[in-house]
Amino acid sequence: MEKNIDIYNKKEECNIKAKIFYNEEDSIKTNIFIFCHGYCSGKGSNSVKIVANKLLEHNIPSISFDFPGHIDSVQGTDKLKVDVCISYIDSIIEYIKEQYGENIKISFYAISFGAYILLNKLIGDNNEYDNIVLRSPAFNMKDIFTNCLLKEEFEEYKKNGRAKTGHGGKIIVPYSFYEDLIEHDLYIKYKEKRKILIIQGDLDDTAPITDTYKFITNRPEFELIEMKNVKHHMEPDEISVSTEIMLKKLEICD
């Protein structure tokens, strides 16, 4: 089952549009996954639903939500900033603990841009999380933005102060978004030692896997599962296969 809910963000004084995937509400007791979606995606994407349903086969509930400027978010892209996005994740965590208890185990499944936001959130975060999984992570987000997501000339973007981005240019973002990406460079700022699992296609045409190689060099706490002949936007069967691999790796199933 799935249910749409509103979760209040105290810092931003707004509701976050979220969705819970569960078998029975009273079964949400011991553990839960939080999804962080990719750019131009959202809480109910096929990617999220496929993984959520696989988790439910093992009675593991999950919750997803929309970042600012995406799908049903009440906030626009003027709020699409790293710190605001982090406040969304913090609000989801707070909601989970209030609803299901402080001892519930929280895991993350973050995709592309969502992985970039999550890693920024983990900087200086002393909280314990059960599992952290990154799929097709956008480690080098500022270059991915200019090389793949920006649909107008960069100089025009800088001059006009905003530009069309993403699939079909459907998301218009201010220039301050790019400046924020520069300010939050993971290669410079991320120094955490958490155990993290990465799943990525070797033919990733948005977040080059060479960026991942560079990021995880001398970081043995990261484990990379490289999917052969798979691109950034995985097909449903590829998502299913990668999720089965993830479940076995995390010892969620035999």
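The model is predicted, so local features are reported only where pLDDT is at least 70 and side-chain atom pairs only at pLDDT 80 or more, whereas totals for chains, interfaces and linings use all residues. Residues are numbered from 1 along each chain as its sequence is written, and side-chain values use heavy atoms, with hydrogens and water left out.

**Stop 1: salt bridges between strands**

Helices (H or I, at least four residues) and strands (E, at least two) are DSSP runs numbered from the N terminus. A salt bridge is a side-chain nitrogen of Lys or Arg within 4 Å of a carboxyl oxygen of Asp or Glu, and the structure holds 14 of them.

Select E2 and K19, whose side chains meet in a salt bridge with an N to O distance of 3.2 Å. This pair links distant parts of the chain, since E2 belongs to strand β1 (residues 2–9) and K19 to strand β2 (residues 14–21), 17 residues apart. For exposure, buried means under 20% relative accessible area, exposed over 50%, and partly exposed in between, with a 1.4 Å probe and protein chains only. On that scale E2 is partly exposed at 39%, while K19 is buried at 9%.

Next select K17 and D6, which form a salt bridge at 3.0 Å, N to O. K17 lies in strand β2 and D6 in strand β1, so the pair ties together parts that are 11 residues apart in sequence. Both ends are partly exposed, K17 with a relative accessible area of 24% and D6 with 41%.

**Stop 2**

Move on to D125 and R194, where the closest N and O atoms of the salt bridge are 3.9 Å apart. D125 sits in the loop between α3 (113–122) and β6 (132–135), and R194 in the loop between α7 (186–189) and β9 (196–201), so the pair ties together parts that are 69 residues apart in sequence. D125 and R194 are both buried.

**Stop 3: the nonpolar cores**

A nonpolar core is a set of buried Ala, Val, Leu, Ile, Met, Phe, Trp, Tyr and Cys residues joined through side-chain atoms within 4.5 Å. Which residues have the most contacts inside the largest core? They are I63 and L134, in a core of 65 residues. Helix α2 (residues 82–100) gives the largest share of this core, 11 residues.

Centre the view on I63 and show its contacts (heavy atoms within 4.5 Å). Leaving aside neighbours within four places in sequence, I63 touches a set of residues including I5, I7, I20, I34, I92 and I96, and also K19.

**Stop 4: pockets and a cavity**

On a 1 Å grid over the protein atoms alone, a cavity is a set of points where a 1.4 Å probe fits but cannot get out, and a pocket is an open set with protein on both sides within 12 Å along at least five of seven lines; lining residues have an atom within 4 Å of a point. Grid points are joined across faces, edges and corners, and a volume is the space filled by probe spheres set on the points.

The largest pocket has a volume of about 490 Å³. Its lining has 30 residues, and Y39, S41, H167, H232 and H233 lie nearest its centre. The second largest pocket holds about 250 Å³, and of its 13 lining residues the closest to its centre are N131, K195, I196, L197 and L250.

For the largest cavity, at about 30 Å³, select Y116, F139, N140, M141, K142, L181, H184, D185 and L186, which line it.

**Stop 5: positive phi**

Most residues other than glycine have a negative phi. C40, although not a glycine, has a positive phi of about 70 degrees; C40 lies in the loop between β3 (31–36) and α1 and is buried at 10% relative accessibility. Finish at N218, also not a glycine, with a positive phi of about 65 degrees; N218 is in the loop between α8 (209–216) and β10, and counts as exposed at 74%.
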